[in-house]
Amino acid sequence: MVNTSCAVFRCTSSSHKNKGLRFHQFPRDERCHLWVKACNRADLLAKDIDQLKNMHICSLHFEHRMYGKLLLKKSAVPTLNIPATRTVSTQTDNPDAHMALHILTSQGVQTEGRYERSAVNLDQFLKACDEFLPRSLGSFVKAHIYVADQTR
């Protein structure tokens with residue numbers, strides 16, 4: 001039997017070690033790029049659909065609602081246990097867009113490889129979202145801030 005391993009970065013699941021897991025082949029449609037992004041592996045970005053046909057993602061990365069009776073639904077995209085990325089890519093022509101994200105992290109502002117603490121109030125944060133982020137991303141971030149703020 002062939003040993004299948006999970007393509008997600010830092011996932012150590014394999015069909016030999018984890019008999020109870022399912023391993024799903026990369027889709028051969030428009031979802032393929034979403035699966036590649038979920039893996040958080042730079043080496044997969046350059047591959048086309050044919051080159052990814054032998055790659056798999058294990059069931060640890062799919063919500064239960066992504067399954068039909070036995071099989072993964074056609075619309076399924078991995079969303080669980082996905083490695084976080086340090087770099088956020090935004091689709092904007094503004095070269096300063098990444099600064100709005102760095103300023104607002106809990107670690108502070110990254111400058112030349114080190115972090116400096118930065119005090120940013122809510123108004124500054126919201127203004128930076130409007131100014132530097134694409135509208136959809138800014139709206140998403142602001143919606144989650146208000147949700148978190150309302151629960152306190």
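Buried means under 20% relative accessible area, exposed means over 50%, and partly exposed lies in between (1.4 Å probe, protein chains only). The model is predicted, so local features need pLDDT of at least 70 and side-chain atom pairs count only at pLDDT 80 or more, while totals for chains, interfaces and linings use all residues. Residues are numbered from 1 along each chain as its sequence is written, and side-chain values use heavy atoms, with hydrogens and water left out.

The theme is charge pairing. Side chains of opposite charge can pair when their charged atoms come close. A salt bridge here is a side-chain nitrogen of Lys or Arg within 4 Å of a carboxyl oxygen of Asp or Glu. That rule gives 4 salt bridges.

**Stop one.** Select R31 and D29. Their closest N and O atoms are 3.3 Å apart, a salt bridge. Is R31 buried or exposed? R31 is buried, at 13% relative accessibility.

**Stop two.** Select D43 and R41. This salt bridge has its closest N and O atoms 2.7 Å apart. D43 is partly exposed, with 42% relative accessibility. R41 is also partly exposed, at 22%.

**Stop three.** Select R65 and E63. Their side chains form a salt bridge, 2.8 Å from N to O. Colour by accessibility here. R65 is exposed, with a relative accessible area of 56%. E63 counts as partly exposed, at 22%.
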